[in-house]
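Please open the structure in a viewer and keep the selection tool at hand.

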Amino acid sequence: MTRPGMRRTATLAVTAAALLAIAAPAEASAGPGTPAVVTAARTAAADVDYGTWQKDCRAVMDQALPYLQQRIAQPKPGEKQAIVFDIDNTALETDFGFSFPQPANKPVLEVAEYAQEHGVALFFVTARPGIIAAPTEYNLEKTGYEVSGLHVRGFFDLFKNVADYKTAQRVAIESKGYTIIANIGNSATDLSGGHAEKTYKLPDYGGQLS
Ligand SMILES: [Mg+2]
């Protein structure tokens, strides 16, 4: 089980690596028209390149979409349907780009757009701390997600197991009357604990992507 402290250390290390890459333009080998910074950042996070990550994400979303199309078309009487998303390396391209706003993870955004166009509420449950709730919501909306709810960690949540925290947020969403038809994330701690009809696991490459 990854502790929050370890996770933050890993993120800081990744950020430092990206800054080093930005500070060393002589290392850049990007072709004309390709910003060197983006190229450097997109290969800094994990032992996998951006194209492979996108292909792997799309393979999972290619399974999610037909299920969601069918499930959304067959609501139970009075049902309010919802989908829960993790943010980092799920809804957004956290570890493959160091810009703000961060770009949407396109295969996931496409599924989200289908759902929101068909009246499904999108909830975002993240281990990000509450202090960055406002820029996070701005980022999600700016990149195309319609945010029905953003669940960030409060001070006392920082001492809880991440999986338990995330499960408690899904229980809270259900208590508002929503049926969670899918939970989409890239870490095991996003998806364990039930309270979703289906779970879809994007790659984290053995914990390399937060
Ligand atoms: Mg994540």
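The stops below name what to select and what is found there.

**The whole chain**

This is a predicted model, in which local features need pLDDT of at least 70, side-chain atom pairs count only at pLDDT 80 or more, and totals for chains, interfaces and linings use all residues. Residues are numbered from 1 along each chain as its sequence is written.

Colour the chain by pLDDT, the predictor's confidence in each residue, from 0 to 100. The mean for the protein chain is 84, and 79% of its residues reach 70 or more. Select residues 1–41: pLDDT stays under 50 there, and the model has 32 contacts beyond four places in sequence for this segment. Two residues are in contact if their C-beta atoms, placed from the backbone, lie within 7 Å.

Next, display the secondary structure as DSSP runs, numbered from the N terminus, with helices as H or I of at least four residues and strands as E of at least two. The protein chain holds seven helices and five strands, in the order α-α-α-β-α-β-α-β-α-β-α-β from the N terminus on.

**The strands**

Select β1 (80–85) and β2 (121–129). They run parallel and are joined by four bridges; strands count as paired if DSSP finds at least two bridges between them. A82 has A121 in β2 as its bridge partner.

Is β2 enclosed or open? Seven of its nine residues are buried, so β2 is largely enclosed by the rest of the structure. Here a residue is buried if 20 or more other C-beta atoms lie within 10 Å of its own, exposed if 12 or fewer, and partly exposed in between, with C-beta atoms placed from the backbone.

**The core**

Select A82, I83, V84, A91, L122 and F124: of the 37 residues in the largest nonpolar core, these touch the most other members. Such a core is a set of buried Ala, Val, Leu, Ile, Met, Phe, Trp, Tyr and Cys residues joined through C-beta atoms within 7 Å. Centre on F124; leaving aside neighbours within four places in sequence, its contacts are F85, I87, A91, L140, V147, L150 and H151.

**Helix α4**

Move to residues 106–117, the twelve residues of α4. Its buried residues are P107, V108, V111, A112 and A115. They cover an arc of only 135° around the axis, which puts them on the same side of α4; the arc is that of the directions from the helix axis to the C-beta atoms. These buried residues pack against α3 (50–73), β1, β2 and β4 (178–185). After the helix comes G119, with a positive phi near 85°.

**Backbone details**

Most residues other than glycine have a negative phi, and most peptide bonds are trans. Select F100 and P101, which are joined by a cis peptide bond with omega about -5°. P101 lies in the loop between β1 and α4, and N89 lies in the loop between β1 and α4. N89 has a positive phi of about 65° although it is not a glycine, and it is buried, with 27 other C-beta atoms within 10 Å.

Finish at H195, in the loop between α7 (188–191) and β5 (199–201). H195 has a positive phi of about 60° and is partly exposed, with 16 other C-beta atoms within 10 Å.

Key. Expected span 1.5 Å × (residues − 1).
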